[in-house]
Amino acid sequence: MANVLVVDDDHTVREVVVSYLRAGGHQVAECVDGESAMQEMRDRPADLVVLDLMLPGIDGLEVCRRLRERSDVPVIMLTALGAETDRVVGLQHGADDYVTKPFSPRELVLRVDSVLRRAGEQGAALGQRVEDGDLCVDGDQRTAVLRGERLALTVREFDLLLFFVAHPGAVHTREDLLAQVWGWSFGDQSTVTVHVRRLREKVESDPTHPVRLVTVWGVGYRWEGSG
């Protein structure tokens, strides 16, 4: 059971989401705007935030950005159907996942459970410590240190990095990565593309010319490591 904060100014959507999450065994708090969400997170930090993109006052992107300045709490963003640009920008601001409206409440609960599972997962990552030149990734502590500096990674970014460094030289399609890292049997593969781009910004000296996390054109991605 986890503490989940639902932030949405649409009463009907909020009521349905809260109902399904509580039925799924979670404790749920709810807010109607960005300001109250930030205050709620200061007073009673949640384990995960379900965050609508379009909010009065401070919008969802700004809320996500501010959360990322102080916390690595998992964030699932709710976006409008067909607003691909908004989804990409949301992921770039640090969201771990997104669900497009209209959505199935059951699917949202599954996404919540998946993100929470990955955030607290011990499983195969437990005890894994992989060093690659000046990069050290510790699956037990869930930390990544590059050139002596700890990287600020979201839950998904860390999972993706750990997966890559644990499988150097192997080529992975976006579909494979969705299954292995996200735990999805279906989903928008652009999610992987955005996370790879964000990860490159944090592990590559020149993200526009990656040498560690490279693209295998027409196939997917491969971790070359430090060489």
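Student: Contact means heavy atoms within 4.5 Å. So, among contacts in the chain between residues at least 6 apart in sequence, what share joins residues at least 24 apart?

Tutor: That share is 56%. Keep in mind that this is a predicted model, where local features need pLDDT of at least 70 and side-chain atom pairs count only at pLDDT 80 or more, while totals for chains, interfaces and linings use all residues. Residues are numbered from 1 along each chain as its sequence is written, and side-chain values use heavy atoms, with hydrogens and water left out.

Student: Okay, how many helices and strands does the chain have?

Tutor: The chain has eight helices and 12 strands. Both are DSSP runs numbered from the N terminus: helices are H or I with at least four residues, strands are E with at least two.

Student: And how much of it is buried?

Tutor: Of the 227 residues, 49% are buried. Buried means under 20% relative accessible area, exposed over 50%, and partly exposed in between (1.4 Å probe, protein chains only).

Student: Which residues touch the most other members of the largest nonpolar core?

Tutor: L161 and F164 do, in a core of 25 residues. A nonpolar core is a set of buried Ala, Val, Leu, Ile, Met, Phe, Trp, Tyr and Cys residues joined through side-chain atoms within 4.5 Å. Helix α6 gives the largest share of this core, seven residues.

Student: What does L161 contact, leaving aside neighbours within four places in sequence?

Tutor: Its partners are L135, V137, A144, L153, L199, V203 and W223. There's also another core apart from this one, with 23 residues, including L51 and M77.

Student: New topic: is R198 buried or exposed?

Tutor: R198 counts as buried, because its relative accessibility is 10%. R198 sits in helix α8, and beyond its neighbours within four places in sequence, its contacts include H93, T154 and E157.

Student: What about H209, buried or exposed?

Tutor: H209 counts as exposed, because its relative accessibility is 57%. You'll find H209 in the loop between α8 and β11 (213-216).

Student: Now α2. Which of its residues are buried?

Tutor: In helix α2 (residues 34-43), they are G34, A37, M38, E40 and M41. They sit on the same side of α2, because they cover an arc of only 160° around the axis. That arc is taken from the directions from the helix axis to the C-beta atoms.

Student: What covers them?

Tutor: The cover includes β1 (3-7), β2 (27-31), β3 (48-52) and α3 (60-70).
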